[in-house]
Amino acid sequence: MAMFASNLSSEIGLKLLLSPLNTSVVVRTACCTVGIVLPVYSTFKAIEMRDQNERQKWLLYWAAYGSFSIVEACTDKFLCWFPLYYHVKFAFLVWLQLPSADGAKQLYMNHLRPFLMRHQARVDHILELFHGELAKFISTHQAEIQFAKVLLGKTLLSVGNILQQPAQGRVVGTIEGSAEQVETSESEDES
């Protein structure tokens, strides 16, 4: 019986996922789950188990996924109009992770590694310039950064205090005013 329920839910899930009509939200959620949530947990497990092979596998995945994300960020506004784009993206993300396909390793070894090896000196130079400019920006704007940190800290503290306080007879979402104003406006309506 358990096997029947498992097969039934898998079949329904696949039909919902692969149905091209009105499933944009479902497929996008599946892409996020398969592309980020599961790999984050698998990376965590690889780090905690101290398994070098698993660590390398997930480093290759993140290098491939990061490169894909850069390309996608530049082309998403155009590509999302293609029918079944998110279905293809989902299939690509699954391919990257499948042990039998070893997609992330193939993508890294055949495309990403040769590209980065060819342009390594230029990328290092750009990163050094960026790091230098970022250091100058931070040192120049220390006062503003400190102000933003203090403001953010106070805001988070206030929100935390509001969330921890019991409602104390208040109805959440109502506008509170003094009782005198309410009584005065009611008596004006009666006259």
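Across the whole structure, a search identifies nine aromatic pairs, a pair being rings of Phe, Tyr and Trp (its six-membered ring) whose centres lie within 6.5 Å, with planes under 30 degrees apart counted as stacked, over 60 as edge-to-face and the rest as tilted. One of these is the tilted pair of Y41 and F44, with 5.9 Å centre to centre and 35° between the planes. The model is predicted, so that local features need pLDDT of at least 70 and side-chain atom pairs count only at pLDDT 80 or more, whereas totals for chains, interfaces and linings use all residues. Residues are numbered from 1 along each chain as its sequence is written, and side-chain values use heavy atoms, with hydrogens and water left out.

Y41 and F44 are separated by about one helical turn because they stand three residues apart in helix α2 (residues 24-49), helices being DSSP runs of H or I of at least four residues, numbered from the N terminus. An aromatic cluster is formed by W58, Y61, W62 and Y65. Q97 itself is placed in helix α4 (residues 85-97) and, at 16% relative accessibility, counts as buried (under 20% relative accessible area; exposed is over 50% and partly exposed in between, with a 1.4 Å probe and protein chains only).

Two salt bridges are found in the whole structure, each a side-chain nitrogen of Lys or Arg within 4 Å of a carboxyl oxygen of Asp or Glu. In one, E72 meets K89 at 2.8 Å, N to O; because E72 lies in helix α3 (residues 52-79) and K89 in helix α4, the pair ties together parts 17 residues apart in sequence.

Terms used. Helices (H or I, at least four residues) and strands (E, at least two) are DSSP runs, numbered from the N terminus.
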